Amino acid sequence: MKLDVPIKNLNFSFSIINKLEKLQINTLDDLWKCKRIYLKENGFTDVEIHQLQIQLQLHSLDFNKKIYKV
């Protein structure tokens, strides 16, 4: 599993990428280590958080360092 994938390569909207970069979340690994509450506290909407979660799940990951076995 490759965690050093840049956020810009994950097909997010421009506004989501900007918000992530402001929080210094630049790679899939950085996003994977986040908690939903942290994102919510920093201005992400429920819809945006859901989009992030789906992208993580496509890589068999979830917030807060959870890994799903395929």
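Modeller: Helices (H or I, at least four residues) and strands (E, at least two) are DSSP runs, numbered from the N terminus. With that convention, L3 is placed in the segment before helix 1. The model is predicted, so local features need pLDDT of at least 70 and side-chain atom pairs count only at pLDDT 80 or more, while totals for chains, interfaces and linings use all residues. Residues are numbered from 1 along each chain as its sequence is written, and side-chain values use heavy atoms, with hydrogens and water left out.

Colleague: Which residues is L3 in contact with, leaving aside its neighbours within four places in sequence?

Modeller: Contact means heavy atoms within 4.5 Å. With those neighbours set aside, L3 is in contact with T27, L28, D29, W32 and L61. The C-alpha atoms of L3 and W32 are 8.5 Å apart in space, although 29 residues separate the two in sequence.

Colleague: Which residues of helix 1 are buried?

Modeller: Buried means under 20% relative accessible area, exposed over 50%, and partly exposed in between (1.4 Å probe, protein chains only). In helix 1, which spans 14-22, I16, I17 and L20 are the buried residues. Because they cover an arc of only 100° around the axis, they lie on the same side of helix 1; the arc is that of the directions from the helix axis to the C-beta atoms. An α-helix has 3.6 residues a turn, so residues three or four places apart point the same way.

Colleague: What do the buried residues of helix 1 pack against, and which exposed residues does the face turned away from them carry?

Modeller: The buried residues pack against helix 2 (28-32) and helix 4. On the face turned away from the buried side, the exposed residues are F14 and K22.

Colleague: How are the axes of helix 1 and helix 4 arranged?

Modeller: Axes are lines fitted to C-alpha atoms, for helices over the stretch in contact, and angles run from 0 to 180 degrees between N-to-C directions. Here the two axes come within 11 Å and cross at roughly 85°. Helix 1 is therefore roughly perpendicular to helix 4, a term for angles of 65 to 115 degrees. S15, I16, K19 and L20 of helix 1 make the contact with E48, Q51 and L52 of helix 4.

Colleague: Is E48 buried or exposed?

Modeller: E48, in helix 4, is buried, with a relative accessible area of 11%. Not counting residues up to four places away in sequence, E48 touches S15, I16, K19 and G43.

Colleague: Where does the charged end of K19 sit?

Modeller: A charge sits over a ring if NZ of Lys or CZ of Arg is within 6 Å of the ring centre and within 35 degrees of the ring normal. The charged end of K19 sits over the ring of F44, 5.4 Å from its centre.

Colleague: Which residue that follows helix 1 has a positive phi?

Modeller: That residue is Q24, with a phi near 60°. N11, in the segment before helix 1, has a positive phi of about 65° although it is not a glycine. S60, likewise not a glycine, has a positive phi of about 60° and lies in the loop between helix 4 (46-58) and strand 1 (61-62). N11 is exposed, with a relative accessible area of 73%, whereas S60 is buried at 17%.

Colleague: Which residues is D30 in contact with, leaving aside its neighbours within four places in sequence?

Modeller: D30 is in contact with Q24 and I25 when those neighbours are set aside. This residue of helix 2 is partly exposed, with a relative accessible area of 26%. D30 and I7 are 23 residues apart in sequence and 9.0 Å apart in space, C-alpha to C-alpha.

Key: Angles under 35 degrees count as roughly parallel, over 145 as roughly antiparallel, 65 to 115 as roughly perpendicular and the rest as oblique.
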